[in-house]
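Thank you all for coming.

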Amino acid sequence: MTNPLLSFDDLPLFDQIRPEHVEPAIDQLLTRANQALEVVTAPTFAASWDAMARVLDVATEQLSRAWGSVSHLNSVADTPELRAAFNAALPKVTEFYTRLGADERLFAKYKAIAAETLNPEQRQAHKNALRNFVLGGAELQGAARERFAAIQELQAAASQKFSENALDATDAFAYYATAEELEGVPHDIVQAAQSSAQAEGQEGYKLTLKMPCYLPIMQFANSSALREKLYRAYVTRASSQADESAQKFDNSALINELLALRLEEAQLLGQANFAALSVIPKMAESPDQVISFLRDLAKRAKPFAEKDLADMRAFAAEHLSLPDPQSWDWPYVSEKLKEARYAFNEQEVKQYFPLPTVLDGLFKIVETLFEVQIREDHAPVWHEDVRFFRIQRPSAQSGDATPTLVGQFYLDPTARNGKRGGAWMDDVRARWLRPDTHELQTPVAHLVCNFAASVAGRPALLTHDDVTTLFHEFGHGLHHMLTQVNEKDVSGISGVEWDAVELPSQFMENFCWEWNVLKNMTAHVDTDQPLPRALFDKMLAAKNFQSGMQTLRQIEFSLFDMLLHSAHDPAQDIMPLLQQVRDEVAVLQPPTWSRTAHTFSHIFAGGYAAGYYSYKWAEVLSADAYAAFEETVGADGLPSAETGRRYRQAILEAGGSRPAIESFKAFRGREPTLDALLRHQGMVQTS
């Protein structure tokens with residue numbers, strides 16, 4: 001039988017891929033890739049971009065697509081069998097890519113390519129490739145070279161184990177609550193918990209640490225004891241502070257191992273620490289520049305955060321009989337204060353955001369601004385909740401009778417066991433004018449979220465935060481799919497500096513606060529009535545509720561990450577450093593037994609090591625970019641299609657084919673400023 005992982009004619013055959021397919025497919029593709037490497041590095045092979053791409057890039061692209069399918073399934077449909085197959089192949093794949101990135105013969109070929117023979121896209125990809133060879137250890141010799149390769153394999157294994165522990169620790173927890181304990185919790189959350197318990201033949205209501213269950217309990221459950229139980233389980237996941245039965249998932253040793261390996265890697269490459277290594281391909285010039293940026297932003301946000309906290313303390317004491325709120329009380333206090341101040345709550349809003357209606361509204365704004373059409377289509381998928389769509393350019397625009405395919409994407413919206421938490425966009429394949437067939441390959445993306453599932457035949461309901469998350473990930477997807485770059489290594493998100501890659505995602509979030517956009521994506525789940533303008537106005541008034549505290553929380557994560565990778569001894573416990581950061585920037589201190597860093601997958605398993613600051617860094621760019629839309633809003637209150645076209649052409653279509661700052665300046669005509677971000681978040685001092 002044909003191995004589905006070896007099929008590259010069209011889309012991945014997700015419904016056919018089985019764990020037993022992984023090893024034979026990956027081994028075969030590794031063999032092909034190794035053979036291709038030997039061909040192009042032979043002394044007689046010409047140092048030609050096109051000739052090398054026809055042989056080596058075609059082979060490595062097929063390997064990366066197959067491995068990408070396996071990695072994706074491991075994230076969204078984890079089983080013991082698939083995990084075993086993934087972990088068996090991981091060292092082999094890591095070893096190949098490490099060796100490829102450090103191959104002296106290949107490095108010499110790239111250095112011999114004449115820049116004048118390349119088009120602008122290829123020149124940028126070539127420039128990146130030369131830099132990446134140096135960062136990949138191509139200039140190392142002897143024992144240092146061997147150790148560098150070993151470090152890559154050890155890091156890959158440790159990161160994967162960290163991720164598994166975080167997932168398993170989350171999935172392992174369950175608490176079966178009584179109806180009395182759930183007093184105050186919204187009906188749909190109670191109903192879902194009851195259904196989950198019944199599905200297991202259990203009495204009561206099954207509560208988990210998955211976000212669609214955990215967060216509403218923390219916000220709405222009147223029982224402080226119940227909130228404490230879930231909070232303690234949540235913040236001690238994957239640590240020595242967890243219940244004895246869950247301590248097998250402790251990530252402490254893996255954290256120390258990863259930090260030590262990263263420091264050693266940086267020093268082998270002549271850098272003082274991993275943070276210095278990490279910023280080399282980014283917009284930021286140095287770790288010190290990042291740390292100064294974060295501390296400056298913290299100084300601006302702290303007065304607002306201190307006022308946020310004072311307001312909560314006063315409200316808790318006066319209205320909730322909580323003179324000394326604990327960490328598990330703050331989300332509850334915050335929600336009650338917001339309800340009192342703005343006369344609405346998240347659950348009231350949620351009834352107006354059924355997932356199908358939100359998607360229709362999202363697609364409408366994208367179609368209007370970026371001159372495309374989005375249509376549902378069919379493709380093999382990994383779960384019944386997954387949907388598949390195509391993005392096309394209308395026939396009138398393309399000049400053809402039929403629409404032109406621009407890109408395609410999978411949408412996997414719901415939380416479930418065996419699926420990693422959080423939300424993310426990942427590429428399935430890149431746009432590429434293929435050197436083997438000379439045909440244009442269109443980009444394909446995964447958009448993954450963890451929203452609540454539908455209950456009792458009703459559509460899944462999203463909070464406004466969920467809506468914002470969906471827009472965020474779709475922004476990443478648009479960056480990947482609307483590119484017009486034909487060189488795969490700089491098309492879409494490829495080649496974009498890591499601290500600029502969040503610009504298009506955070507940019508899209510702004511539309512969730514525009515009445516003329518939002519009203520088109522709401523319909524009450526029971527009455528079908530749109531969101532009332534009066535309720536939207538309350539939401540808008542509450543938009544920057546506690547933005548000071550939220551900003552400090554992001555800065556806390558970012559500063560901890562940067563100091564962890566620049567000023568921390570990996571042999572030491574990370575907790576004193578985290579406390580030092582909290583003492584400097586936080587206004588709320590968690591209990592001493594909290595271990596949230598032990599599930600900080602962004603930096604220990606997700607590619608954001610010494611890069612978590614990117615969210616705040618890119619937020620400056622995205623807020624300033626969105627200000628262009630605010631400046632050109634039409635008489636109908638809708639964003640300008642002309643501004644949308646300029647943004648699409650300057651930012652989205654350019655992808656990684658030029659430095660991000662050049663794309664930004666092509667759109668805005670100037671350098672970015674901090675003003676728009678502070679204004680959007682309500683952190684402007686009034687005299």
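Let me begin with helix α6, residues 142-172, and helix α10, residues 252-268, whose axes come within 9 Å and cross at roughly 150°. Because angles over 145 degrees count as roughly antiparallel, α6 is roughly antiparallel to α10. Please keep in mind throughout that this is a predicted model. The crossing of these two helices, α6 and α10, is left-handed. On the α6 side, the contact includes Ala-144, Phe-148, Ile-151, Leu-154 and Phe-162, together with Arg-147 and Lys-161, while α10 contributes, among others, Leu-254, Ile-255, Leu-258, Leu-261 and Arg-262. If we sort the residues of the contact between α6 and α10 by class, we find eleven nonpolar, four polar and six charged.

Next I would like to look at helix α8, residues 211-220, which packs with helix α9, residues 224-235, at an angle of about 135°, the two axes being 9 Å apart. At that angle α8 and α9 are therefore oblique to each other, and their crossing is left-handed. Met-211, Tyr-214, Ile-217 and Met-218 make the contact from α8, and from α9 it is Leu-226, Arg-227, Leu-230, Tyr-231 and Tyr-234. By class, this contact of α8 with α9 has eight nonpolar residues, no polar ones and one charged residue.

Helix α8 has a further partner in helix α13, residues 330-342, with an angle of about 65° and axes 6 Å apart. Since 65 to 115 degrees counts as roughly perpendicular, α8 and α13 are described as roughly perpendicular to each other. Here Met-218, Gln-219 and Phe-220 of α8 meet Pro-331, Tyr-332, Glu-335 and Glu-339 of α13, and these residues divide into four nonpolar, one polar and two charged.

Finally, some individual side chains. Phe-45 sits in the loop between α1 and α2, and, leaving aside residues up to four places away in sequence, Phe-45 touches Val-39, Val-40, Ala-51, Met-52, Val-55 and Lys-109. Phe-45 and Lys-109 are 64 residues apart along the chain, yet their C-alpha atoms are separated by 9.0 Å.

As for aromatic rings, the count comes to 41 aromatic pairs. One of them is formed by Tyr-647 and Phe-667, an edge-to-face pair with 5.5 Å from centre to centre and 75° between the planes. This pair links distant parts of the chain, with Tyr-647 in helix α25 and Phe-667 in helix α26, 20 residues apart.

How values were computed. Residues are numbered from 1 along each chain as its sequence is written. This is a predicted model: local features need pLDDT of at least 70, side-chain atom pairs count only at pLDDT 80 or more; totals for chains, interfaces and linings use all residues. Side-chain values use heavy atoms; hydrogens and water are left out. Axes are lines fitted to C-alpha atoms, for helices over the stretch in contact, and angles run from 0 to 180 degrees between N-to-C directions. Helices (H or I, at least four residues) and strands (E, at least two) are DSSP runs, numbered from the N terminus. Angles under 35 degrees count as roughly parallel, over 145 as roughly antiparallel, 65 to 115 as roughly perpendicular and the rest as oblique. A crossing is left-handed if the near helix is turned anticlockwise from the far one by less than a right angle, and right-handed if clockwise. Contact means heavy atoms within 4.5 Å. Ala, Val, Leu, Ile, Met, Phe, Trp, Tyr, Cys and Pro count as nonpolar, Asp, Glu, Lys and Arg as charged, and the others, Gly among them, as polar. Rings of Phe, Tyr and Trp (its six-membered ring) pair if their centres lie within 6.5 Å; planes under 30 degrees apart count as stacked, over 60 as edge-to-face and the rest as tilted.
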